[in-house]
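Here are my notes for you, in the order I'd go through them. Keep the viewer open and click along as you read.

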Amino acid sequence: MTISRRSLLGAAGASAALAPAVAQTQSQAKAAEPSDKVGFAIVGLGKLSLGQLIPGLKVAKNARLAAVVSGHPDKARRVAAENGLPADAVYGYDDYDRIAKDPRIQVVYVVLPNALHAEHTIKALKAGKHVLCEKPMATSIKDAEAMIAAAKAADRHLMIAYRCHYEPMNLDVMRRLRARSLGRVRQINTTMGRQADPSDPSDAWRLDGELSGNGALGDMGVYGVSAARYLLNEEPIAVQAWAQTDRTDPRFKETEDLINWQFRFPSGVIANGSTSFAYAPTMAFEAICEQGRLVADPAAFYGGNRLTVVKGGQAQPPVPAPPGDQFAREMDWMADVVRGKAPMVSPGEEGLQDMRLMQAILESAAKDGATVRTDWGYRRAVDPAVAVNVA
Ligand code: NDP
């Protein structure tokens, strides 16, 4: 049986819905008046938009749905009506340059197949809007650089939708590691994959080389590439990677399946990463320290994430992540960035760094594990563990 992205992540969301409400970011503490909320246009009405983002905007404190952009006018009109939007807040891909003249929209959230991120991000920036763009940022380094340049030219914010930067359990692990609560960290393991289902249109484009960029790596593996970096707050200096793809599996005509990699960090930490579109669903990471382990499993579901601290060989009772809507949290953060109330934590440069590292992974895998240097001097501007305030 194949397990779809929906069942993998949806099950986690359901368990979160049952848990008690606890923590909020500081930025979420007090709701803005409806008229003060930052207006978001959602571009692409697929699974994530309909299942997570539009519901997230309903509970967001500082962000609200202002418009929808879609290639399917009937669906767009229905979604707009269901969410109380007027008819003139519905746009198509060809005419949404008009948003430049729509003061209801401050942020454009690009939620399209990966190959379309750059075009629509640049279009929105040129229209004078801030952009929140889904991961992976783009399908080429050139496109990612063009997106960053467009944001600079327009003097607008470009944020990549790395929800784990704003998720309490991930932040908790970052802080424990910064504080060396179990001594120095020696090794990170990240495992991010699932079974892709080619009969699901939402997975069909993820298996298409052109639309997805690089299959499982950009879709699931990027969580591990990003996690190794934010857990350690440092950047890899070298990578080695290996791919194992069964070309008789009709899913893998154009993209790799199983990819495992090792990052070497300046501190001496080694991070092992793994991704696949053909193994049991998992989004987990582990930090092995001198005196124990921090095991986050699941680490990056939409809800229900869980941390187990293992110290002196003894597993302590799991710490569930405080519930709360991750997407609302992320969009509220973007709203606060736009209003000048919060620092930019996941800018385009963060997306570009992951793009460059994924390219290095593929380059090494193509050379059967040859070392590829990645010490090009990138440093993140803002450490989420310091900047993102979660109660
Ligand atoms: P879907 O396939 O479910 O939705 C994509 C939507 O894009 C479609 O419904 C369609 O909307 C629009 N679209 C425009 N052109 C095309 C095209 N050529 N082929 C297919 N769709 C097209 O994808 P998801 O919602 O799952 O993913 C969208 C983005 O969000 C991806 O970049 C993905 O990586 C990211 N994502 C991030 C997650 C996270 O946790 N941060 C989780 C899931 C996805 P319409 O009919 O309205 O035009």
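1. One term before we start: a polar contact is a pair of N or O atoms within 3.5 Å. Keep that cut-off in mind, and remember that this is a predicted model. With that, look at Leu48: one of its backbone N or O atoms is 2.9 Å from an oxygen atom of the ligand, so the pair counts as a polar contact.

2. A polar backbone atom of Gly71 lies 2.8 Å from an oxygen atom of the ligand. For Asn114 look at the side chain instead, where an N or O atom is 2.8 Å from a ligand oxygen atom. How much of the ligand does the protein cover? Taken on its own, the ligand has 900 Å² of accessible area, and the protein covers 85% of that.

3. Now for the place where the ligand sits. The space it takes is the largest pocket. Two elements give two or more residues to the shell around the ligand: helix H2 (47-59) and helix H9 (216-232).

4. Which residues come nearest to the ligand? Out of 29 around it, they are Ser70, Lys75, Tyr93, Arg163 and Trp205. By type, the shell splits into 13 nonpolar residues, eight polar ones and eight charged ones. Both domain 1 (5-161) and domain 2 (167-322 + 348-387) supply at least three residues to this shell.

5. Next, some backbone details. As a rule, most peptide bonds are trans, and most residues other than glycine have a negative phi. Go to Lys135 and Pro136, though, and you'll find a cis peptide bond with omega at about -15°. Pro136 belongs to the loop between strand E5 (130-133) and helix H5 (141-154).

6. Asp297 and Pro298 are also joined by a cis peptide bond, with omega at about 0°. To find Pro298, go to the loop between strand E12 (292-296) and strand E13 (306-311).

7. Last stop: Asp155. It isn't a glycine, yet its phi is positive, at about 55°. Look for Asp155 in the loop between H5 and strand E6 (158-160).

Definitions and conventions:
Residues numbered from 1 in each chain as written. Predicted model: local features only at pLDDT ≥ 70, side-chain atom pairs only at ≥ 80, totals over all residues. Heavy atoms only, no water. Near = heavy atom within 4 Å. Polar contact = N/O pair within 3.5 Å; in protein donor to acceptor, adjacent residues only side chain to side chain. Areas by Shrake-Rupley, 256 points an atom, 1.4 Å probe, with all protein chains shown as cover. 1 Å grid on protein atoms, 1.4 Å probe; cavity = no way out; pocket = protein on both sides within 12 Å on 5 of 7 lines; lining within 4 Å. Sits in = over half its atoms within 2 Å of the grid points. Helix = DSSP H or I, 4+ residues; strand = E, 2+ residues; numbered from the N terminus. Nonpolar A, V, L, I, M, F, W, Y, C, P; charged D, E, K, R; others polar. Domains from an automatic or database assignment.
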